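Morning, everyone. Please have the structure up on your screens. I'll be quick.

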Amino acid sequence: MHWRRHGHRDGDRSLTIARVVEAAIIAHAREAAPDECCGLLVGDSGAIVDAIRAGNVADDPTRRYLIDPADHFRALRDARHRSLDVIGAYHSHPRSAPIPSVTDAAEGFSHFTYVIVGLAAETPELRAWSWDDGNFTELALVRGR
């Protein structure tokens, strides 16, 4: 599986996300609940410009996610066609906060962005993380147009 390495600008731990993309991720999470939703993030090193839904093919989708490989390849082709990259993945935590779990850490890719939407509170919460050197580091999400 080919993942293009991306990185944030030196010292910049922020990531811009279009409001329409944020809304689409939250809508997907709500629709999939009580299962975890998942998808891929398309953009560049500083911005998420699209979120492409993927099927969750995990054995227990209420507790973890596994992106359908066919959807993954479709997202890679789509991104390449648009001169963009798949820079990360998103998924939901239907019953908890958007903080990476032990499972998330066990399956993390270096220099990859993870957006998690937590549905535990009345208002969904979206947070972004980067997996670098064996640890998750939170990225500040900057809401774009």
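Before that, the ground rules. This is a predicted model, with residues numbered from 1 along each chain as its sequence is written. Local features need pLDDT of at least 70, side-chain atom pairs count only at pLDDT 80 or more, totals for chains, interfaces and linings use all residues, and side-chain values use heavy atoms, with hydrogens and water left out.

Helix first. Helices are DSSP runs of H or I, at least four residues, and strands are runs of E, at least two; both are numbered from the N terminus. Look at α1, residues 19-32. What should its 14 residues span at 1.5 Å a residue? The answer is 20 Å, and the end C-alpha atoms are 20 Å apart, so the two agree. The expected span here is 1.5 Å times one less than the number of residues.

Now, which residues of α1 are buried? Val 21, Glu 22, Ile 25, Ile 26, His 28 and Ala 29. They cover an arc of only 155° around the axis, so they sit on the same side of α1. That arc is taken from the directions from the helix axis to the C-beta atoms. The general rule: an α-helix has 3.6 residues a turn, so residues three or four places apart point the same way. Turn to the face away from the buried side. There you find the exposed residues Arg 19, Val 20, Arg 30 and Glu 31. Buried means under 20% relative accessible area, exposed means over 50%, and partly exposed is in between, with a 1.4 Å probe and protein chains only.

Next, salt bridges. The term means a side-chain nitrogen of Lys or Arg within 4 Å of a carboxyl oxygen of Asp or Glu. How many does the structure hold? Eight.

One joins Asp 132 and Arg 13, at 3.5 Å from N to O. This pair links distant parts of the chain, 119 residues apart: Asp 132 is in strand β6, residues 125-132, and Arg 13 is in the segment before β1. Asp 132 is buried, at 14%. Arg 13 is partly exposed, at 32%.

Another joins Glu 138 and Arg 127, with the closest N and O atoms 2.7 Å apart. Glu 138 lies in strand β7, Arg 127 in strand β6, 11 residues apart. Glu 138 is partly exposed, at 36%.

Last, Asp 78 and Arg 82. Their closest N and O atoms are 2.9 Å apart. Asp 78 is partly exposed at 27%, and Arg 82 is partly exposed at 34%. Asp 50 joins them in a network of salt bridges.
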